[in-house]
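The tour goes from one selection to the next and says what is to be found at each stop.

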Amino acid sequence: MTPGTRLLVNAQGERYRFDPGSLSLELMLTGGPGPYERYEIAHTPSALAEWFTGSRLALTAPLTDVRIRPAELAALKELRGALYRVAPALARGESPSEDDLALLNSGTAETPRPLVDPGTRRLAWAPPVTGKQLLGAVARDAIGLVAGERSGRVRECSADDCHLLFFDTSRSGNRRWCSMERCGNRAKIRAYRARTETA
């Protein structure tokens, strides 16, 4: 599977692929506050470190040596909690709170350092990639969704029973579904049935 694309399971046990299109929105798939606690996978620093190796950061260069300390795990979860307030606000066209923006701004101190691997002459991340660097990468990504060229493109799936958020990468900017494999396909089936019933 392509880094950044995640395999999700719905309440009926059906599996489908979902690409949120953004590192910060992707981090939200690791769990979260309140009703999202049941999806928590970042129970330990090593569990979140392993998750990051399949994140969209690996599209740029492989993540092989990721080290997250307990305090960094807590900071990443705090940032993730803020994303659960910021991203829905963006999808509704609202402004995030000043406190949440301050949290995003404070997290951008460090990001993974790129380098050229002497053996392969390919891009690599300078090891080790720390939790603080990952926090910086996620915070910078989120800031890009709030302001700049990427702003105005956070969407919530149009399905009534789905609340997944994604960055709309479509050329026209009118993507409606989290996944054509799941919600888009269900909408097409409903529309087809409605047409055949009225005919």
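Select residues 131-146, which form helix H5, a run of 16 residues; helices here are DSSP runs of H or I with at least four residues, strands are runs of E with at least two, and both are numbered from the N terminus. From its first C-alpha to its last, H5 reaches 23 Å, close to the 22 Å expected at 1.5 Å a residue, where the expected span is 1.5 Å times one less than the number of residues. This is a predicted model, in which local features need pLDDT of at least 70 and side-chain atom pairs count only at pLDDT 80 or more, while totals for chains, interfaces and linings use all residues. Residues are numbered from 1 along each chain as its sequence is written, and side-chain values use heavy atoms, with hydrogens and water left out.

Now colour H5 by accessibility: 12 of its 16 residues are buried, a term that means under 20% relative accessible area, with exposed over 50% and partly exposed in between (1.4 Å probe, protein chains only). Among the buried residues are Leu134, Leu135, Val138 and Leu145, together with Gln133 and Asp141. Just after the helix, Gly148 takes a positive phi of about 100°.

With a relative accessible area of 72%, Arg121 is exposed.

Move on to Gly173, in the loop between strand S8 (165-167) and helix H6 (180-198). Its relative accessibility is 16%, so Gly173 counts as buried. Show its surroundings: leaving aside neighbours within four places in sequence, Gly173 is in contact (heavy atoms within 4.5 Å) with Arg153, Arg155 and Asp168. The C-alpha atoms of Gly173 and Arg153 are separated by 7.1 Å, although the two residues are 20 apart along the chain.

A further glycine to select is Gly54, in the loop between helix H2 (45-52) and strand S3 (66-67). Gly54 is partly exposed, at a relative accessible area of 26%, and, not counting residues up to four places away in sequence, touches Pro3, Gly4, Arg6 and Glu26.

Finally, display the whole chain, whose secondary structure comes to six helices and eight strands, running β-β-α-α-β-α-α-β-β-β-α-β-β-α from the N terminus on. The C-alpha atoms fill a box of roughly 65 × 40 × 35 Å along the principal axes. Of the 199 residues, 44% are buried. Among contacts between residues at least 6 apart in sequence, 56% join residues at least 24 apart. If you colour by charge, the chain shows 28 positive and 23 negative side chains, with the centres of the two sets 6 Å apart; Lys and Arg count as positive and Asp and Glu as negative, while His and the chain ends are not counted, and each charge is placed at NZ of Lys, CZ of Arg, CG of Asp or CD of Glu.
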